[in-house]
Amino acid sequence: MLDGPRVSPRSGKPATSLVVLLHGYGADGRDLIDLADYWGPLVPDAAFVSPHAPEPLAIGPVGRQWFGYVERDDRERWTGVQAAHPALDAFLDAELARLGLPGSRLALVGFSQGTMMALHTGLRRKVAPAGIVGFSGIHVLAPERAMAEFDAQITSRPPVLLIHGDLDQVVPPVALPRAVESLQARGIAVRAHLSNGLAHGIDRTGLTLAGNFLGEILA
């Protein structure tokens with residue numbers, strides 16, 4: 001079972017929503033949990049949790065990975081998100097149950113590899129999440145021969161906000177319009193923002209846009 005750092009609602013009241021933060025390749029849950037401090041005032045009744053990815057980093061002594069990411073190609077990404085999906089899906093169910101919340105009160109926020117997981121799992125939830133935020137990520141698609149099955153697996157269509165840096169050399173910025181196109185083609189409402197001068201990271205504009213989006217979908 002996945003686990004990671006948690007932050008209780010800023011209001012001090014029982015949580016009315018849950019924000020799950022999914023870190024990138026080579027980091028761990030501690031990497032994103034501080035976002036709770038930034039966004040907490042905007043969603044004061046939200047609980048935050050930032051699970052550690054299930055696998056130790058394959059190419060280093062520290063850090064975690066949602067899946068192995070050596071070749072960094074379409075095949076590896078598709079195999080990876082499928083393999084990591086069951087553990088993340090079960091974790092989301094367990095956290096919602098722990099807080100006594102329905103699946104509709106869930107928001108997923110991912111960074112890089114965490115965005116791949118947020119989109120893959122979020123669109124396959126039995127109950128649609130309130131929304132998904134993805135920083136510097138990719139909407140991972142199945143091979144062409146498996147696209148009919150891929151589309152059949154999409155069971156929820158929450159609103160999505162995608163943010164990417166125009167100087168990203170880890171996940172090329174072209175991933176942003178490609179994700180918008182693929183999501184919109186599947187009936188998903190998408191907002192997108194390309195941050196000028198930003199490499200592979202999160203800037204203040206992205207933090208503000210994401211915080212406002214969370215406040216909107218979890219109101």
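Q: Which residues have the most contacts inside the largest nonpolar core?
A: In this predicted model, the largest nonpolar core has 45 residues, and those with the most contacts inside it are Leu18, Val20, Trp66, Met117, Val160, Leu162 and Leu183. The elements giving two or more residues to this core are strand 2, strand 3, helix 2 (74-99), strand 6, helix 3 (113-122), helix 4 (147-153), strand 8 (160-165) and helix 5 (175-184), and helix 2 gives the most, with 7 residues. Another core lies apart from it, with 24 residues, among them Trp39, Ala107, Ala130 and Phe135.

Q: Why is strand 2 (residues 17-22) called largely enclosed?
A: Buried means under 20% relative accessible area, and 6 of the 6 residues of strand 2 are buried, so strand 2 is largely enclosed by the rest of the structure. Ser17, Val19 and Leu21 point one way from the strand, Leu18, Val20 and Leu22 point the other way, and all are buried.

Q: What does leucine 18 touch, not counting residues up to four places away in sequence?
A: Leucine 18 touches Ala47, Val49, Glu95, Leu96, Leu99, Leu101, Arg105, Leu106 and Ala107.

Q: What makes strand 1 (6-7) and strand 9 (190-195) edge strands?
A: The open sheet is formed by 7 strands in the order 1-3-2-6-7-8-9, with mixed pairing. Strand 1 and strand 9 stand at its edges because each has a single partner strand, so one side of each is left without a neighbour in the sheet.

Q: Why does glutamine 65 count as buried?
A: The cut-off for buried is under 20% relative accessible area, and glutamine 65, at 3% relative accessibility, therefore counts as buried. Glutamine 65 is found in strand 5 (residues 64-65), and, leaving aside its neighbours within four places in sequence, it is in contact with Tyr25, Ala53, Pro54, Glu55, Pro56, Leu57, Ala58 and Gln113.

Q: How do you know that the side chain of glutamine 65 makes a polar contact with the side chain of glutamate 55?
A: A polar contact requires a pair of N or O atoms within 3.5 Å, and the contact between the side chains of glutamine 65 and glutamate 55 is at 2.7 Å. The side chain of glutamine 65 also reaches the backbone nitrogen of alanine 58, at 3.1 Å.

Q: Why is leucine 32 called buried?
A: Leucine 32 has 6% relative accessibility and so counts as buried, the limit being under 20%. Leucine 32 is found in the loop between strand 2 and helix 1 (35-39), where, leaving aside its neighbours within four places in sequence, it is in contact with Leu21, Leu22, His23, Ser50 and Phe111. Leucine 32 and aspartate 151 are 119 residues apart in sequence and 30 Å apart in space, C-alpha to C-alpha.

Q: How do you know that the radius of gyration of the protein chain agrees with that of a compact globule?
A: A compact globule with 219 residues would have a radius of gyration near 17 Å, and the protein chain has 16 Å, so the two agree. The C-alpha atoms fill a box of roughly 50 × 40 × 40 Å along the principal axes, and the chain has 6 helices and 9 strands. Of the 219 residues, 54% count as buried, and the accessible surface comes to about 9,700 Å², of which 53% belongs to carbon and sulfur atoms. Among contacts between residues at least 6 apart in sequence, 76% join residues at least 24 apart.

Conventions: Residues numbered from 1 in each chain as written. Predicted model: local features only at pLDDT ≥ 70, side-chain atom pairs only at ≥ 80, totals over all residues. Heavy atoms only, no water. Helix = DSSP H or I, 4+ residues; strand = E, 2+ residues; numbered from the N terminus. Buried < 20%, exposed > 50% of the residue type's maximum accessible area, 1.4 Å probe, protein only. Polar contact = N/O pair within 3.5 Å; in protein donor to acceptor, adjacent residues only side chain to side chain. Contact = heavy atoms within 4.5 Å. Core = buried A, V, L, I, M, F, W, Y, C linked by side-chain atoms within 4.5 Å. Rg over C-alpha atoms; globule rule 2.2 N^0.38 Å. Areas by Shrake-Rupley, 256 points an atom, 1.4 Å probe, with all protein chains shown as cover. Pairing = 2+ DSSP bridges.
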